[in-house]
Amino acid sequence: MSLQKTPPTRVFVELVPWADRGPANNLVSGGETLPGLRHPLSSTQAQTATREVHVSGTSELSGGPDRAQVVMRVSSTKEAAAEAKKSVCRRLDYITQSLQQQGVQAENITVTKDFRRVENAYHMEAEVCITFTEFGKMQNICNFLVEKLDSSVVISPPQFYHTPGSVENLRRQACLVAVENAWRKAQEVCNLVGQTLGKPLLIKEEETKEWEGQIDDHQSSRLSSSLTVQQKIKSATIHAASKVFITFEVKGKEKRKKHL
């Protein structure tokens, strides 16, 4: 029984640097020229030519709001001006003291007062605007004040937002992660074909996108004031996406020196 011969290995593509040659050198059968045809470089030219790998990388990051603002309103209407002021100031002092005891800094508390006459009475209204960076602390303080104060104190639902610095940092991180993803892709490609990844020759951010988080249609149909805290945080979350294009230099595998 004779064994079948293994068919010889055939090379379909050889990856070498290319160079353009003039139309006069691009001869084909019949003496015609083929414009734009490129031929492989000689061994001497190939050693000095730069070989490249072109890759793209993408990333998508999200960041929740880093600030929340709560407004507390205290009002009183009395026949005597002094009584209206006293009623408001007493509760106002209690609110500010409670905030300070809970560790809220004075620079995060803004108080405004309005005093006016309404027909035969005097009306005074004070507004306390508090900025929170810790949302758990915010909820604890609001729950505490709702329990301790009467209905004349109105506490608005928290409004979540981003500071400019946090948004810019999210954009920057999205770009950096996209660059890292592109680098990893190029590294794996070079490893697969037995080459060494060199330095980057070009880094270009081609596309950026940014959008706010959205809740589902059923929830969005409800009033904003009826949303839970977690739903509001999700709605205020910002997403940032980045796409980059990078050209890397490709080096051949270094040959190990044999030690005699």
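Me: Is Arg-67 buried, partly exposed or exposed in this structure, and what is its relative accessible area?

Reply: In this predicted model, a residue is called buried when its relative accessible area is under 20% and exposed when it is over 50%. Arg-67 has a relative accessible area of 25%, so it is partly exposed.

Me: How many salt bridges are found in the whole structure, and with which residue does Arg-116 form one?

Reply: A salt bridge is read from the distance between a side-chain nitrogen of Lys or Arg and a carboxyl oxygen of Asp or Glu, which must be within 4 Å. A search of the whole structure gives 8 of them. Arg-116 forms a salt bridge with Asp-114, and here the closest N and O atoms are 2.3 Å apart. Arg-116 counts as partly exposed, at 39% relative accessibility, and Asp-114 likewise counts as partly exposed, at 35%.

Me: Which parts of the chain does the pair of Arg-171 and Glu-210 tie together?

Reply: For a question like this, one looks up the element in which each partner lies. The side chains of Arg-171 and Glu-210 meet in a salt bridge, at 2.6 Å from N to O. Arg-171 lies in helix H4 and Glu-210 in strand S9, so the pair ties together parts that are 39 residues apart in sequence. Arg-171 is partly exposed, with a relative accessible area of 37%, and Glu-210 is partly exposed too, with 40%.

Me: What does the side chain of His-123 make a polar contact with, and is His-123 buried or exposed?

Reply: Here one reads the cover of the residue together with its partners. His-123 is found in strand S6, and because its relative accessibility is 12%, it counts as buried. Its side chain makes a polar contact with the side chain of Thr-77, at 2.7 Å. Leaving aside neighbours within four places in sequence, His-123 is in contact with several residues, including Ser-75, Asp-114, Phe-115 and Arg-116.

Me: Where is the place of His-162, and which backbone oxygen lies 2.7 Å from a polar atom of its side chain?

Reply: The place of His-162 is in the loop between strand S8 (159-161) and helix H4. At 17% relative accessibility, His-162 counts as buried. The backbone oxygen of Ala-236 lies 2.7 Å from a polar atom of the His-162 side chain. Among the residues in contact with His-162, leaving aside its neighbours within four places in sequence, are Gly-63, Pro-65, Asp-66 and Ile-238.

Me: Which residues of the largest nonpolar core touch the most other members?

Reply: In soluble globular proteins, nonpolar side chains tend to be buried together. The largest nonpolar core has 25 residues, of which Met-72, Ile-95, Leu-99, Val-128 and Met-138 touch the most other members. Strand S4 (67-78), helix H2 (81-101), strand S6 (121-132), helix H3 (135-148) and helix H6 (229-236) each supply at least two residues of this core. A second, separate core has 11 residues, including Ala-182, Cys-190, Val-244 and Val-250.

Me: Which residues make the nonpolar surface patch?

Reply: Val-189, Leu-192 and Val-193 make a nonpolar surface patch of about 300 Å². Val-193 lies in the loop between helix H4 (164-192) and strand S9 (195-212), and its relative accessible area is 48%, so Val-193 is partly exposed.

How values were computed. Residues are numbered from 1 along each chain as its sequence is written. This is a predicted model: local features need pLDDT of at least 70, side-chain atom pairs count only at pLDDT 80 or more; totals for chains, interfaces and linings use all residues. Side-chain values use heavy atoms; hydrogens and water are left out. Patches are made of residues with over 30% relative accessible area and no salt bridge: like charges are joined within 9 Å, nonpolar side chains (Val, Leu, Ile, Met, Phe, Trp, Tyr) within 5 Å. Accessible areas come from the Shrake-Rupley method with a 1.4 Å probe; for residues, only the protein chains shown count as cover. Helices (H or I, at least four residues) and strands (E, at least two) are DSSP runs, numbered from the N terminus. Buried means under 20% relative accessible area, exposed over 50%, partly exposed in between (1.4 Å probe, protein chains only). A nonpolar core is a set of buried Ala, Val, Leu, Ile, Met, Phe, Trp, Tyr and Cys residues joined through side-chain atoms within 4.5 Å. A polar contact is a pair of N or O atoms within 3.5 Å; within protein, one must be able to donate a hydrogen and the other to accept it, and residues adjacent in sequence count only if both atoms are side-chain atoms. Contact means heavy atoms within 4.5 Å.
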